Every structure is written in C-alpha cells, then in structure tokens.
Amino acid sequence: MNSKENTISSQAEGEEPLENKVMIEVKNLTKKFNGFTAVDQISFEVKEREIFGLLGPNGAGKTTTIRMLSTLTRPTEGTATIGGYDIVKHDNKVRQQIGLVSEKMIMYDRLTAEENLRFFGKLYDIPKNVLNQRIDELLELVQLSKWKNSKVGTFSTGMRQRMNVIRALLNMPKVLFLDEPTLGLDPQSTVEVREFIKKVNRENRTTIILTTHMMIEADRLCDRIGIIDHGKIAALDTPTNLKKLVSGNDTTVLKLEIPNLTRKLVTKMESLDCVRSVSQENSSHIKIHATGDKAFDTIIDSLRAENAKVNSIENLQPTLEDVFLHITGREMRDKVDNKIQMGNHRHSMPRRRIR
Amino acid sequence: MGARTLISNSLRIAWKDLMELFRNRMGLVLLILMPIFMMVMVGFIYPSETSMKNVPIALVNEDAGFGGYNLSSTFITMLSRINDNASMMTLKDASSLEDVRGMIQAGDAEGGIIVSSDFTADIMGGQQGTITIVTDQSNPQMSAIIQAVLSEVFKQMGTALAQQNVAEQLNLDPSKALAVVEPFNVQVKGSVEGDFSYFDFIAPGIMAMTVMMSVMTGLPAAISHEREVGTLDGIMVAPINRLSVILGKTIAQMARGILQGVLILVLAMVLFGVTVHGNILLVFVLLLLGVFSFVGLGVVLTSFAKEQETAVMLMTTITFPMLFLSGVFFPIEQMPWFMQAVSKALPLTYVADALRKVMVLGADIPMLTNELAILIGFGTVMILIAVPVFKRAMTR
C-alpha cells in the first residue's frame with residue numbers, strides 16, 4: 001500500500017517537475033512563552049508547490065510554528081519570509097497569499113455554509129461575482145453544494161472539516177497551512193481530506209505546509225518531512241531518505257502468507273538475485289529480506305510465476321516510527337494527549353522534560 | 001482607501017455578529033426580557049407614598065368619652081371618609097395595644113392606630129388629644145411610609161378641626177381662620193412642570209446602565225469567545241486592519257445595547273408614564289457617546305483576559321460596583337467622600353447624569369458641555385491605550 005501511494009505521487013511530480021523557487025524561508029525562528037521555548041531556532045526552506053510536513057508529537061512546537069508563519073503569533077526571534085515577504089514587516093502582504101486550516105474549525109455554527117464562506121471571502125479583496133462563483137465551485141468540489149443554505153452547526157464532523165479546508169482556499173492562496181487537518185476524522189473522511197489536499201497541491205499549484213502527529217499521514221502526503229521535537233527540527237528529508245536513515249540501505253523485508261507453500265518455492269525465492277535470505281516461520285509464513293529498488297516487484301513476479309497463492313503481504317519497510325525512534329531516542333507519545341494550551345504553559349511545561 | 005476598507009470590514013464583522021445574535025432564539029428572548037425585568041422590578045418595587053394601597057391597619061378606640069360626648073367617633077368617621085377616597089388602608093378593629101402587636105406579629109396588620117382613653121376628655125379639657133401610631137420595625141420602609149402618611153392625615157384633620165374652632169370662637173371667615181392656624185402655605189415646585197417620581201430619576205440611569213453593560217460584557221465575551229472557538233484566527237489571518245475587529249465587535253454590541261435601551265425607554269413611557277422632555281435624538285447621541293467612553297476600557301480588559309470565563313468575570317467585577325457608584329440608583333450626594341471621588345472617575349456617572357438632564361430637565365447641548373467633554377476625553381484616552389494593547393494581545 002505504502003509504496004504504491006508513493007509511486008503515484010512521485011509520478012505526478014515527475015510529469016511536471018518542481019520548480020526550485022523557494023516559497024518559504026525560515027531562519028532561526030524562535031518563540032518563547034514566559035521563559036519556555038516552544039520553538040527553538042528552527043530554520044528550513046520550502047520550495048514552491050512542495051508539500052512539506054512538520055511531524056512531531058503533541059507539544060513539539062508544530063502549531064506554534066504554523067501560527068508564526070501565518071502571522072497569528074509574533075516570533076520572539078528570527079525571521080521568515082513567504083513569497084519574499086517578511087512575516088512581521090509585511091504581514092498583510094503575507095496574509096494575502098496564505099490560507100490557514102487550523103486545528104479548530106473556523107466556522108460559525110449559526111451561519112449557513114454559504115454565509116460563512118461569503119463572510120470570510122469578503123475579508124479579502126475579491127470582486128463580488130468572482131467570490132460568488134468561487135464559493136459555488138469550492139462547495140461543488142467537496143460535494144457540499146446541496147448543503148449550501150444549511151447551517152454549519154448541523155453538519156457532521158467530516159462535512160465541517162471539508163468546509164474548514166475550502167474556507168482557506170477562498171483567496172486562492174499560494175501557500176496553504178494545514179494544522180492537523182485530519183485530526184478527529186473517521187477513516188473515510190481522513191482519506192477524502194488527504195486526497196483533497198493532494199488535489200489542491202496538484203491543480204492549484206499550491207505550496208502546502210501541514211503538521212501532523214501521524215506517521216502514516218506524513219508518509220502518504222509529504223514530499224519532505226521535518227521531524228520536530230522539543231521545538232527543534234531533528235531531521236529533515238524526503239520520507240524515503242528518512243527511512244534510509246534507519247536501515248542505512250535499501251533493504252526490503254517482506255512477510256508473506258502462502259497457504260500452498262512448498263520447499264521448492266522457498267528454494268526458488270532464495271535463488272533470486274535480490275534476495276538476501278528467506279526464513280520460514282511456520283507452514284504458511286515466510287519472511288524475505290531483499291535489497292535493491294526492484295526487489296519488491298521481482299519477488300512478486302516470481303511468486304506469480306510459481307503459481308503461489310498469496311494470502312497476505314506485509315511490507316516490513318522501516319517506518320517513520322522507526323525513524324522517529326532512531327532520531328529522538330524515544331517513541332512518539334501519540335497516545336497521551338498532553339497538548340500544551342496556549343496561555344497555560346507555565347503549569348504544564350515541566351512534564352515535557354521527563355524522558 | 002485604508003479608512004474605507006476599515007469601515008467596510010468592521011461593518012461586515014458587525015453584521016456577522018448580529019446575524020449570529022438574531023439566529024440565537026434563546027439569547028434573543030433573554031435580550032428582550034432582561035430590560036423588561038429590570039424596568040418592572042425597579043419601577044414597581046421602589047416604594048413611593050402613592051404606592052400605599054389597602055394596607056391593613058389595626059384601629060383601637062380606647063376613648064371613654066366625656067360628659068356624653070365622644071369625639072373619637074367623629075375622628076374615626078373623618079378618617080374613614082378620607083380613606084374611602086384614597087383607599088390607602090384597610091381598617092381592622094382591635095381592642096388594645098397588645099392586640100395590635102399580636103396582629104402585626106401574625107402579619108394581619110402592617111401598623112396600628114390607637115386613640116387614647118382620655119381622647120375626648122383631654123380635648124374637652126383644653127388639652128391635646130393623643131393618637132398613637134404603632135409601626136412594624138421589621139419592615140422599616142413600610143413603617144416609614146405608614147408613619148409619614150398617617151402623620152400627614154392626622155395633621156390635616158387637626159388643622160381642619162382647629163380651623164373650625166378658630167372660625168367659631170373668633171367669628172372669622174373659615175379661610176382667614178386657616179391663615180391663623182397655618183400661617184405658612186408651603187408649596188413644592190420642580191424646575192419643570194409635571195409630576196415626577198423616583199422612576200423619572202432612575203429611568204435614564206437604567207438606560208445608560210443597560211447599554212453600558214451590554215457593551216462591557218458583550219465585547220469581551222464576543223472577542224474571547226471567538227478566540228477560544230478559533231474563529232478569530234480566520235479573521236486575523238485575513239489581510240485586514242486589526243482595528244476593524246474591535247470596531248466591528250463594538251458596533252454589533254452597541255446595536256444590541258441601543259436596542260435594549262430603546263426597549264427600556266418605550267417601557268418606561270408606556271408603563272410608568274415617563275416623558276422625555278429634551279430631544280430624543282440627543283438621548284441616543286448620549287448613549288452612543290457613553291458606549292464610546294467605555295469601549296476602550298472593555299478592549300483593554302478583553303486583551304488581558306485569556307478566555308471567555310475570565311473575561312466575563314472580570315467585567316462583572318468591574319461593572320457591578322460601577323452600577324452603585326455611578327448614581328444610577330442612589331444619588332451620589334448620599335455617598336461618603338471617597339465613594340464620591342470614585343464615582344467622579346466613572347464615565348457612567350456622566351452618561352446617567354447627562355441623560356437625566358435631557359430626559360427630565362429637557363436640557364440641550366450647551367448645558368451638557370461638561371459631561372460631553374469628560375465623556376469624549378475619557379473615551380479618547382482609553383482607546384489610545386486600548387489599541388496598542390489589543391494589537392499586542394492578538395499576536396501573542
């Protein structure tokens with residue numbers, strides 16, 4: 001699954017090569033709240049039309065970074081430019097070219113979908129007829145046209161999040177910030193939102209920065225990922241390269257369930273060039289270690305040729321989880337939500353330092 | 001261009017806020033009920049002399065009479081006749097002071113009248129006849145009213161009797177006899193014609209207060225609510241002047257406050273016969289000016305409060321004493337000097353005062369220069385402080 005999705009998106013990139021223009025430039029950006037450093041001297045660049053992910057546990061500084069870049073919070077130190085404009089000195093120029101999908105829904109429950117979009121759209125300098133047309137198009141795009149005149153308060157979480165995303169697109173932003181865009185969504189809505197993000201990136205040529213604490217999400221969506229922990233960028237590269245950090249080479253580990261497993265089939269697998277080792281775990285499960293780009297395809301092809309009946313394949317590629325563990329020396333604290341509330345840092349901070 | 005977009009964005013935000021307000025049925029009902037309650041409560045609860053109606057009063061006639069005469073029955077007939085006209089009280093028969101006390105304790109009577117046993121004898125003997133008014137100390141306001149009303153009634157009855165006696169003995173015209181008995185004719189006249197009640201004093205104050213409260217509690221609640229829910233980010237991330245957020249919210253809250261103010265005015269006029277003697281437009285100008293003087297303070301407090309709960313608590317803490325210190329309910333002159341000093345620092349004092357002058361005295365702008373200058377001055381200073389504070393707070 002994983003590798004397939006990656007190929008699709010990399011093919012799309014291949015058709016229209018990324019321009020190398022820098023869209024976002026972050027230099028030593030720092031934010032301190034009452035002595036606590038939420039974001040600590042981070043620097044990175046995001047190229048035009050890239051999907052850039054900030055991956056990290058809750059409280060790592062992702063949201064603060066997004067808030068600084070979207071001009072909602074003033075940095076304590078450091079600078080950043082978006083499309084060449086400084087986020088502090090030319091904040092209104094920056095605001096014109098960005099859209100923000102915040103972790104919280106930016107929608108008024110008592111207004112209808114259309115009223116909401118019109119209200120936010122009018123805050124930008126968009127001619128009336130253009131805005132009306134855009135509202136209709138965007139609603140159509142996320143299949144909400146039917147609910148145009150319904151109050152947002154009556155919407156399901158999935159519908160609300162779709163609204164939340166298209167709201168950020170009203171001004172056709174060059175850069176779209178998404179803070180935990182799939183948080184709290186059911187699997188179907190999650191997939192829909194992810195597909196929509198990719199579509200926006202592809203079709204509107206929008207540069208995207210998203211934050212997530214979900215490894216899979218970062219892996220599936222992002223061209224490059226910055227792993228952020230304790231307010232610092234611990235690693236920054238493409239998902240593939242990040243994974244190579246762990247294994248050090250292009251190893252593929254497959255776990256297969258083959259009911260009609262024979263001695264002959266195992267020998268055949270072992271004879272393949274790319275295969276380093278085959279271990280039989282029981283009467284139907286084998287584990288294959290292989291190297292090389294085409295390892296996966298080669299193995300599948302030869303299994304087919306031998307008429308092996310494959311019930312399941314598990315690709316034991318190193319995951320971003322392994323990367324995170326490797327880099328920070330600890331596991332991601334996904335389960336316990338000790339998200340730090342803005343404004344109450346002093347009380348909840350010390351816990352974070354316990355390793 | 002800057003000013004125009006600022007205004008149009010402010011109006012957009014105000015419009016959105018009002019839409020939200022009007023879609024909230026429950027909130028809307030409360031919005032209308034609040035001033036009604038306020039008016040009805042203040043209007044009916046505050047006692048005035050005319051409000052003494054059918055109060056149960058125990059009457060004891062201990063008079064033994066003298067030489068076949070019984071003046072007390074004449075007295076009681078007169079009292080009943082006066083009471084029949086005004087129906088101030090319901091007279092109940094009682095036998096003694098103890099009986100009266102018992103009735104007051106049981107709640108059967110609010111007070112008592114005792115005609116002494118020597119009433120006729122004393123008067124016939126050339127002395128003053130004694131009438132005792134018994135009051136209920138557990139209800140000082142009621143007892144004060146009963147005391148005042150009965151004393152006045154008895155005094156008039158005494159005067160009438162004296163007038164009659166003097167006329168007979170000196171063989172004078174009754175009107176001249178009155179001049180002998182009561183040489184002074186005291187008349188009370190207000191600076192404007194017409195009847196005025198406590199309500200005329202309090203109605204302008206309540207109007208000012210409601211509008212102010214609306215803005216003072218509504219503004220921080222509206223801003224911090226949006227901040228908490230996250231929708232404020234949606235506005236702040238747009239390329240608009242930060243000022244339009246305050247301005248828009250203020251316009252919305254002001255509209256809400258003025259709506260309540262109008263409601264109060266209408267109720268006051270319909271239910272309590274309050275008349276506006278001055279220019280009604282000036283009344284609204286003053287209300288707007290009052291809001292202007294408050295907005296800055298509201299914004300500063302909003303900037304300090306991090307979440308809605310704190311904001312509302314902060315506002316209540318500040319507005320509550322303000323109600324009492326600004327002379328809305330009680331005249332400032334009654335207060336000790338330090339409270340008067342605080343009162344003079346509160347803009348609500350001047351709004352209420354100016355409104356009262358316009359509504360009761362029919363004052364015009366030249367008579368209000370002091371108040372107007374203070375309100376404009378206070379508002380300007382507060383806004384000059386508020387704007388940078390707010391801008392800082394928004395990009396924390």
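How many residues of chain A are in contact with residues of chain B?

Modeller: Please bear in mind that this is a predicted model, in which local features need pLDDT of at least 70 and side-chain atom pairs count only at pLDDT 80 or more, while totals for chains, interfaces and linings use all residues. Residues are numbered from 1 along each chain as its sequence is written, and chains are lettered from A and ligands numbered from 1 in the order in which they are written.

On the side of chain A, 25 residues are in contact with 21 residues of chain B, where contact means that the C-beta atoms of two residues, placed from the backbone, lie within 7 Å. The elements of chain A that give two or more residues to this side are α3 (91-96), β6 and α4 (113-122); helices (H or I, at least four residues) and strands (E, at least two) are DSSP runs, numbered from the N terminus. By type, the residues of chain A that touch chain B divide into 12 nonpolar, 7 polar and 6 charged, with Ala, Val, Leu, Ile, Met, Phe, Trp, Tyr, Cys and Pro counted as nonpolar, Asp, Glu, Lys and Arg as charged, and the others, Gly among them, as polar.

One of these elements, β6, also belongs to an open sheet of 6 strands in chain A, with mixed pairing and the order β6-β7-β8-β3-β9-β10. Two strands pair if DSSP finds at least two bridges between them, and the edge strands of this sheet, β6 (98-101) and β10 (232-237) of chain A, each pair on one side only. Strand β6 of chain A is joined by 4 bridges to β7 (residues 175-179) of chain A, and these two strands run parallel. Within that pairing, Val101(A) has Leu178(A) in β7 as its bridge partner.

Along its principal axes, the C-alpha trace of chain B spans about 100 × 45 × 40 Å. Among contacts in chain B between residues at least 6 apart in sequence, 78% join residues at least 24 apart.
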